Amino acid sequence: METVPGRRRAAAGAFARFVLCGGGVGVAAGFAVAALASLVPWVLANALITVVSTLLATELHARFTFGAGARATWRQHTQSAGSAAAAYAVTCTAMLALHQLTAAPGAVLEQVVYLSASALAGVARFAVLRLVVFARDRARVPATATARTTHPVRSAAPGAAAPAGPAALCRAA
């Protein structure tokens, strides 16, 4: 049985792997968005890079972060895409706000704002991915409950009547 401190250690380990995998992809995505934005509008660059980085990050999270050790399923990719869409909205909103507040922000300021918004969205994504997308099948019984098996009571005397069933015992009570 897993204890609460054990769950916290597991969550901390998963978060560290999430930061390493997702953060690495996020930093690379930040540079890719900046490079691609010199060729196409920033919103389109962000959308394209978000799609590619989400596919890559979902595979990494399925294989390493959350301990599945296998490729991500289509269901996991779809659910992860939903959380990535929310992250996309956060980064777009942050960048639009920056451009409303500053007429010509420099590349460094854009990167700081973009990566900060991505980090904020990343913490929320971790929770969604861990608790929903890559959640392991957990028993619906609370961890403190113990499973009990019932064994039929057998009479030691041959030919004795079989014990009464639960319905008969309830009527008798």
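A salt bridge is a side-chain nitrogen of Lys or Arg within 4 Å of a carboxyl oxygen of Asp or Glu. Keep that in mind as we walk through this structure, which is a predicted model.

## The overall picture

The protein chain is built with five helices and zero strands. Reading from the N terminus, its elements follow the order α-α-α-α-α. Of its 173 residues, 26% count as buried. What share of the contacts with a separation of 6 or more comes from residues 24 or more positions apart? The share is 67%.

Helix α2 covers residues 42-65. It has 24 residues, yet its end C-alpha atoms are only 30 Å apart, which falls short of the 34 Å that a straight helix would reach at 1.5 Å a residue. Several residues of α2 are buried, among them Ala45, Ile49, Ser53, Thr58, Glu59 and His61.

Let us visit two of these residues. Ser53 sits in helix α2. Is Ser53 buried or exposed? Its relative accessibility is 16%, and under 20% means buried, so Ser53 counts as buried. The side chain of Ser53 reaches the backbone oxygen of Thr50 at a distance of 3.3 Å. Leaving aside residues up to four places away in sequence, Ser53 touches Val25 and Ala29.

Thr58 also belongs to helix α2. With a relative accessible area of 0%, Thr58 is buried. Which residues does Thr58 touch, not counting those up to four places away in sequence? They are Ala72, Gln76, His77, Ser80 and Phe134.

## The salt bridges

Now back to the salt bridges. In one of them, Arg63 pairs with Glu59, and the closest N and O atoms are 3.3 Å apart. Arg63 and Glu59 are four residues apart in helix α2, so about one helical turn separates them. How accessible are these two partners? Arg63 is partly exposed, with a relative accessible area of 37%, while Glu59 counts as buried at 12% relative accessibility.

Glu59 also meets Arg71 in a salt bridge, at 3.6 Å from N to O. This pair links distant parts of the chain: Glu59 is in helix α2, Arg71 is in the loop between α2 and α3 (74-101), and the two are 12 residues apart. Arg71 counts as exposed, at 59% relative accessibility. Taken together, Glu59, Arg63 and Arg71 are linked in a network of salt bridges.

| Salt bridge | N to O distance |
|---|---|
| Arg63 and Glu59 | 3.3 Å |
| Glu59 and Arg71 | 3.6 Å |

Thr73 is found in the loop between α2 and α3, and Thr73 is partly exposed, with a relative accessible area of 38%. Along the chain, Thr73 and Glu59 are 14 residues apart, and their C-alpha atoms are separated by 9.0 Å.

## Aromatic rings

Rings of Phe, Tyr and Trp count as a pair if their centres lie within 6.5 Å. By this rule the count comes to four aromatic pairs. Why is the pair of Phe15 and Phe18 stacked? The ring centres are 6.3 Å apart and the planes meet at 25°, and planes under 30 degrees apart count as stacked, so this pair is stacked.

Both Phe15 and Phe18 lie in helix α1 (residues 4-37), three residues apart, which is about one turn of the helix. Phe15 is partly exposed, with a relative accessible area of 32%, whereas Phe18 is buried, with a relative accessible area of 7%. Phe15 and Phe18 form one aromatic cluster together with Phe126.

## Cysteines

A disulfide is a covalent bond between the sulfur atoms of two cysteines. How many disulfides are counted here, where a pair of cysteine sulfur atoms must lie within 2.5 Å? The count comes to zero. Cys21 is buried, with a relative accessible area of 13%, and Cys92 is buried, with a relative accessible area of 11%.

Methods
Residues numbered from 1 in each chain as written. Predicted model: local features only at pLDDT ≥ 70, side-chain atom pairs only at ≥ 80, totals over all residues. Heavy atoms only, no water. Phe/Tyr/Trp six-rings, centres within 6.5 Å; stacked < 30°, edge-to-face > 60°. Buried < 20%, exposed > 50% of the residue type's maximum accessible area, 1.4 Å probe, protein only. Expected span 1.5 Å × (residues − 1). Polar contact = N/O pair within 3.5 Å; in protein donor to acceptor, adjacent residues only side chain to side chain. Contact = heavy atoms within 4.5 Å. Disulfide = S-S within 2.5 Å.
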